[in-house]
Amino acid sequence: MTKQIHLAAHFPGVNNTTVWSDPEAGSHIEFSSFVHLAQTAERAKFDFFFLAEGLRLREQGGKIYDLDVVGRPDTFTVLAALAAVTERLGLTGTINSTFNEPYEVARQFASLDHLSAGRAGWNVVTSWDAFTGENFRRGGFLPEDQRYVRAKRFLETAGELFDSWRDGDVLADKASGQFLARPDAGAFERHDEQFDIAGRFTVPRGPQGRPVILQAGDSDEGREFAAATAEAIFTRHGTKEAGQQFYSDVKGRLARYGRKHSDLVVLPAATFVLGDTDAEAQELADVVRHQQVSGQTAIKFLEQLWNRDLSGYDPDGPLPEVDPLVGENTIARGRASVRMYRDPLATAKQWRELAEAKNLSIRELIIEVTGRQNFVGSPETIAEAMNDLVQADACDGFILVPHVTPGGLDPFADKVVPLLQERGVFRTDYEGTTLRDHLGITTPTSL
């Protein structure tokens, strides 16, 4: 059976995918940029718009560098505003479970689901670095195992809040004067090692019951968390073999939680570079990669492996002769890119061998070893490659991250989407009104 492809649009800005220096790039702060990308995605019949969030600017050694965009507005504010200028497009956002409280987050998502007529989605994340907590009263750094314990309890508690109102609780019977079907609507109570709360939840049950739950963890614990709770999962596995392994693994975990294969949608983040021909696209992709990795960014990436201040090194020069410093006190403790290097000395050895074999400078090496475009080519080439991955069960679709904001999605919407529609693997119009409809995920029933 031919699978249908799911597509989402990511508004970039919290990593070096964005080429903010491109002549075509616009503001990452003005609302018009968010509107442009969201309306382009809706015109192309995408499942949802996704807004990532960083609770602190990307810095290293106390200095902000170009792995972030300064001035990103609040996620809920932007999504609520977008609900007024879109009609069918899902509206999803990243909200942290480490530095927020279940009541306030549940209230905001329940409100967004009402405002958007059932289009809200929540990407549940934990803190990812040591210094984010400094922006909050609690502060501190939670080890990975404790972050997931809190995230699990947080999501359970939010679910209880969403379910504290049942379908039909609001009667609003003008003839009898009875407003509520039961006097304890919205009542909740939660007491565990993470939360000690009780009261009345203020927002009646929304069109979706609960927002669609998204998750992005890739560790074994993260995969288990997703299998138990998530309805869509972001992945970084862009190749067919790696994607198939991840897809099989995470889908295989669903049964022990009483869930079906179709209850979880697997969506890798994907970048793309389009050209009239494959050769033209390859040339453009090389230009884009050099725009994405400035000399400053290359040094910051290298510091994360070397665990040393390398600001005195020339990014266009050779790798340092000194070895990485190994230990718990890393230069960016808790950061995912640091955790990837389980054996810094072995990785440095591999990088040196690669740089020597290809005569690469620091910047050229970082361009070589960090993320590159997932899809590069003509519209026909990209449409075929995407469809191949989905039909081969490497994923269920893609969260597209254009490198130019806000117009970077336009060429894909105009040139690739029609080809997918011609192949019969992508919708020509929305068949439902809610995000759950778009993703083919059932609406949870109230208690």
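This is a predicted model: local features need pLDDT of at least 70, side-chain atom pairs count only at pLDDT 80 or more; totals for chains, interfaces and linings use all residues.
**Phe49.** Skipping neighbours within four places in sequence, I found contacts (heavy atoms within 4.5 Å) with Ala9, Phe11, Phe34, Leu37, Ala38, Leu79, Leu82, Leu89, Gly90, Leu91 and Thr92.

**Ground rules.** I number residues from 1 along each chain as its sequence is written, and side-chain values use heavy atoms, without hydrogens and water. Local features need pLDDT of at least 70 and side-chain atom pairs pLDDT 80 or more, while totals for chains, interfaces and linings use all residues.

**Cores.** A nonpolar core is a set of buried Ala, Val, Leu, Ile, Met, Phe, Trp, Tyr and Cys residues joined through side-chain atoms within 4.5 Å. Buried means under 20% relative accessible area, exposed over 50%, partly exposed in between (1.4 Å probe, protein chains only). The largest core has 67 residues, and Phe49 is among the members that touch the most others, as is Trp122. Helix α4 (residues 144–162) gives this core its largest share, 7 residues. I noted helices as DSSP runs of H or I, at least four residues, numbered from the N terminus.

**Salt bridges.** I counted a side-chain nitrogen of Lys or Arg within 4 Å of a carboxyl oxygen of Asp or Glu. The count is 32.

- Arg153 pairs with Glu156, closest N and O atoms 3.5 Å apart. They sit 3 residues apart in helix α4, so about one helical turn separates them.
- Arg223 pairs with Asp249 at 2.8 Å between the closest N and O atoms. Arg223 lies in helix α5 (residues 220–229) and Asp249 in helix α6 (residues 240–252). Arg223 is buried at 15%; Asp249 is partly exposed at 25%.

Key
Helices (H or I, at least four residues) and strands (E, at least two) are DSSP runs, numbered from the N terminus.
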